[in-house]
Amino acid sequence: METRAEVDRLQGEIDELRSIIAAGTFTDAEIDRLSAIIGNWIALDTGLPAAPSEHSAMAQQLQQVRTDLSTVGLNLLLLISAPDSVDINETSQLLDSAERTLDALDQQLTALGG
């Protein structure tokens, strides 16, 4: 199931990002991984995913997650080059929102056997 794989991947990336930032060491490997995560998020397709009608609500939730994470990625990139141009609280709230929605999607997929 594509949605399950995407939910798992995005949850893992959020966990990695939070872990790297919390550690605060920013080794070359950590910076490379942060760059990859940010790049992945910026490149997310924010269009409505194709889904059967009975799963349209889940598709809309996934679209919102993609949009939120894409914005977070762009904001983190801007934060590096122009720190005063980014509202870090808004960015943090978007990340939290995406994480909550992914958790809800995870539960829904589990309930469907996925």
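Reader: Which helix gives the most to the lining of the second largest pocket?
Author: Helix α3 does, with four residues. Bear in mind that this is a predicted model.

Reader: Which helices supply at least two residues of that lining?
Author: α1 and α3 each reach that mark in the second largest pocket.

Reader: What's the volume of the second largest pocket?
Author: About 270 Å³. The lining is made of 15 residues. Closest to the centre are Glu-2, Thr-3, Ala-50, Ala-51 and Leu-62.

Reader: And by class, what has the lining of the second largest pocket got?
Author: It has 10 nonpolar residues, two polar and three charged.

Reader: Let's stay with Thr-3. Where is it found?
Author: Thr-3 is in helix α1.

Reader: Which residues is Thr-3 in contact with, leaving aside neighbours within four places in sequence?
Author: Leu-62 and Leu-109. Thr-3 and Leu-62 are 59 residues apart along the chain, yet their C-alpha atoms are separated by 8.2 Å.

Reader: OK, the largest pocket now. How much space lies in it?
Author: About 420 Å³. The lining has 19 residues, and Leu-17, Ile-21, Leu-34, Ile-38 and Leu-76 lie nearest the centre.

Reader: Which elements give two or more residues to that lining?
Author: Four helices do: α1, α2 (28-42), α3 (56-81) and α4.

Reader: How many charged residues are in the lining of the largest pocket?
Author: One. The rest of that lining is 14 nonpolar and four polar residues.

Reader: Switching to packing. At what angle do the axes of α1 and α4 cross?
Author: Roughly 145°. The axes of α1 (residues 2-23) and α4 (residues 88-111) come within 10 Å.

Reader: Left-handed or right-handed crossing of α1 and α4?
Author: Left-handed.

Reader: Which residues make the contact?
Author: From α1, the contact includes Thr-3, Val-7, Leu-10, Ile-14 and Leu-17. From α4, it includes Leu-95, Leu-102, Leu-105 and Leu-109. Charged residues take part too, among them Arg-4, Asp-8 and Arg-18 of α1 and Asp-96 and Glu-99 of α4.

Reader: By class, how many of each in the α1 and α4 contact?
Author: Eight nonpolar, three polar and eight charged.

Reader: Next, Val-72. Buried or exposed?
Author: Buried, because its relative accessible area is 1%, under the 20% cut-off. Val-72 sits in helix α3.

Reader: What is Val-72 in contact with, leaving aside its neighbours within four places in sequence?
Author: Trp-41, Thr-91, Leu-94 and Leu-95.

Reader: How far apart are Val-72 and Thr-3 in space?
Author: They are 21 Å apart, C-alpha to C-alpha. In sequence the gap is 69 residues.

Reader: You listed Thr-91 there. Buried or exposed?
Author: Thr-91 is buried, at 4% relative accessible area. Its place is in helix α4. Not counting residues up to four places away in sequence, Thr-91 touches Val-72, Asn-75, Leu-76 and Val-86.

Reader: Now a charged one. Arg-66: buried or exposed?
Author: Arg-66 is buried. Its relative accessible area is 11%, and buried means under 20%. Arg-66 belongs to helix α3.

Reader: What is Arg-66 in contact with, its neighbours within four places in sequence aside?
Author: Glu-6, Leu-44, Asp-45, Thr-46, Gly-47 and Pro-49.

Reader: And Arg-100, buried or exposed?
Author: Exposed, at 54% relative accessibility. Arg-100 is in helix α4.

Reader: Last one. What phi does Phe-26 have?
Author: A positive one, about 50°, although Phe-26 is not a glycine. Phe-26 is found in the loop between α1 and α2. At 38% relative accessibility, Phe-26 is partly exposed.

Methods. Residues are numbered from 1 along each chain as its sequence is written. This is a predicted model: local features need pLDDT of at least 70, side-chain atom pairs count only at pLDDT 80 or more; totals for chains, interfaces and linings use all residues. Side-chain values use heavy atoms; hydrogens and water are left out. Axes are lines fitted to C-alpha atoms, for helices over the stretch in contact, and angles run from 0 to 180 degrees between N-to-C directions. A crossing is left-handed if the near helix is turned anticlockwise from the far one by less than a right angle, and right-handed if clockwise. Contact means heavy atoms within 4.5 Å. On a 1 Å grid over the protein atoms alone, a cavity is a set of points where a 1.4 Å probe fits but cannot get out, and a pocket is an open set with protein on both sides within 12 Å along at least five of seven lines; lining residues have an atom within 4 Å of a point. Grid points are joined across faces, edges and corners, and a volume is the space filled by probe spheres set on the points. Buried means under 20% relative accessible area, exposed over 50%, partly exposed in between (1.4 Å probe, protein chains only).
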